[in-house]
Amino acid sequence: MKRTITEAVLARASGLARVEPGQNIWVNADILLTHDVCGPGAIGVFKREFGPGARVWDPDRVVIIPDHYIFTADQKAKRNVDILREFAREQGLRWFYEPGTPNYRGVCHVALPETGHALPGHVIFGTDSHTCTHGALGAFATGIGNTDAGFVLGTGKLLIKVPPTLRFVICGELPVFVTGKDIILRIIGDIGVDGATYAAMEFCGDTIASISVEERMTICNMAVEAGAKNGIIAPDDKTLAFISKRAAHPFEPVYGDDGAPVLKTFSYEASSFEPCVARPHLPSNYARARDCSDVRLDRAYIGSCTGGKISDFRMAAEVLKGRRVSIKTFLVPATSEVAGKINEERIGDRTLAEIFADAGCEPIAPPSCAACLGGPEDTYGRTTGNETVISTTNRNFIGRMGSKAARIYLASPLTVAASAVTGRITDPRDLA
Amino acid sequence: MSEGRRTVKTFEKRLKGRVYVLGDNIDTDQIIPACYLNLVPTIPDEYRKLGSHAMAGLPDGLPPFVTPGKDRTEYRIIVAGRNFGCGSSREHAPVALGAAGTVAVAAESFARIFFRNAIATGEVLPIETARPATNLFTTGDDAEIDLAGLCLRNIRTGASVPIRDPGPVIEVIAAGGIFGFARKMGMIRSS
């Protein structure tokens, strides 16, 4: 029986020769990821259920990356980071990326691959729905709640249902100015916000092979916006090159079998993709950027696990070099590593940071989730009124970036940057 | 309900209560906005506060789900459309509903993580309606979920729709969530 990559990874992690969609299996976790918003609750469940003196199943496999509410005066947010710090100390956890220290990284889904904890063939559970990002490196990675995370902390295992696979085959050369974000927004538009509920979304084809690991992360990151359990891309030379100097744990890549049966296959010609947006208030509200040129904007936002990687800032800088933004443009690098590269990398004689300053963007903020999900009232870039925002983030639900009256359009960094210049939604190909 | 944990000894076969009606794709930001995620569900006082903020992210203009100044809702049952609970993995979402006193959400379908969290915590019973049900209810109606007869009924109008059999989910919820269930079944040691 031929297996998809998702089935192959789950078979390995469950010690079973074969697994089938719909089967309930116990899998061993390779990594449990948590952060400041859900970590304290998961720790609370762990202590309540396993006892105050309980030890985590494997201190080398628990990764804590605080990222949500870091630069805030909110006392409970500070208290939550204190809970994580105390837990890391008490349990002897090596992988605690502590705020306020040189170890601080920022957004967990960009930091996890950077720090070599997202590896091919692994099973990664995280207390965050965007944990599906790490399927871009060939892992089975999925978001779970605090109670399940408390269970994993105590046992290293979780009972899960093997998902059926939806296969997205994308072939051909992507047009210029079309990005991974445009691919995933189109797919979500086609299948809807519940089009992949419970399923694995597997992305393959020569277009996927041709794009960078970071672009693959953007695609897998938004699998959950179609309801998927995981997004996944088979590891290749690019994947192995990306992790070669980073891997923090032993790993063995796992591959699916050619021609493994799937629930459904969707085929796309790369040439059919265009720069696009998701209109308020759902990620499935697909529209071509060109068809929204009458939408006037108040703000642009570049950041988050979806659109705050160095490749995202590179794209934005390519558009903004030699141009001026006409609306408030917020830049929030996902991690400290991204922030460092913004200051170092150059296009011509200017660093990316200088290009953004020349363009009139807001000063670059410290790395965190910031306004992607609203957060405490003093969160950087949070909407406060009826702003219309174009953003590289992943969700445009009512109230997502703070105020319920704001309207959020999701787009690629190229489209966000082009729109920041004109003050209207703009296809980057149309920027003269 | 110490430390936010529910211990329900027997589960009623007929759940009755006032209904709040919602549409499709009710996301977790509407169920519990991110500004309240600084509250930790396992801390009793914060569990209660999460309840007071349940559904605080609904668009303005709808009736309040929890009366301002109160901790608990008068709506024991939510009737909704497709994909209830989409978005974040925040367990604060089913916890906020359970802490507010909502016992069941009857929706045409659920987002995966919300469904699992609702059961794992034992906070709120997710019931799938076999047909769209939102057009049969108005917020404020009284409803009955008949778990034996497998239907959702509007007590005011008498209209009803079949519900899918929740199967073993009932036992897990009745035991107060997966840990309680696992102990009851001898899968893990009693504490």
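Which residue forms a salt bridge with R246(A)? The partner is E337(A), with the closest N and O atoms 3.7 Å apart. A salt bridge here is a side-chain nitrogen of Lys or Arg within 4 Å of a carboxyl oxygen of Asp or Glu.

This is a predicted model: local features need pLDDT of at least 70, side-chain atom pairs count only at pLDDT 80 or more, and totals for chains, interfaces and linings use all residues. Residues are numbered from 1 along each chain as its sequence is written, chains are lettered from A and ligands numbered from 1 in the order written, and side-chain values use heavy atoms, leaving out hydrogens and water.

**Domains of chain A**
- An automatic or database assignment sets the domain bounds: domain 1 is 5–249 + 260–268, and domain 2 is 278–431.
- Their C-alpha centres lie 24 Å apart.
- In contact (heavy atoms within 4.5 Å) are 38 residues of domain 1 and 37 residues of domain 2.
- Three salt bridges are found across this interface.

**N38(B)**
- N38(B) sits in the loop between α1 (28–31) and α2 (44–52) of chain B.
- Helices are DSSP runs (H or I, at least four residues), numbered from the N terminus.
- N38(B) counts as buried, because its relative accessibility is 8% and buried means under 20% relative accessible area (1.4 Å probe, protein chains only).
- Leaving aside residues up to four places away in sequence, N38(B) touches residues including Y69(A), D74(A) and E46(B).

**M185(B)**
- M185(B) lies in the segment after α6 (178–184) of chain B.

Notes:
Helices (H or I, at least four residues) and strands (E, at least two) are DSSP runs, numbered from the N terminus. Buried means under 20% relative accessible area, exposed over 50%, partly exposed in between (1.4 Å probe, protein chains only).
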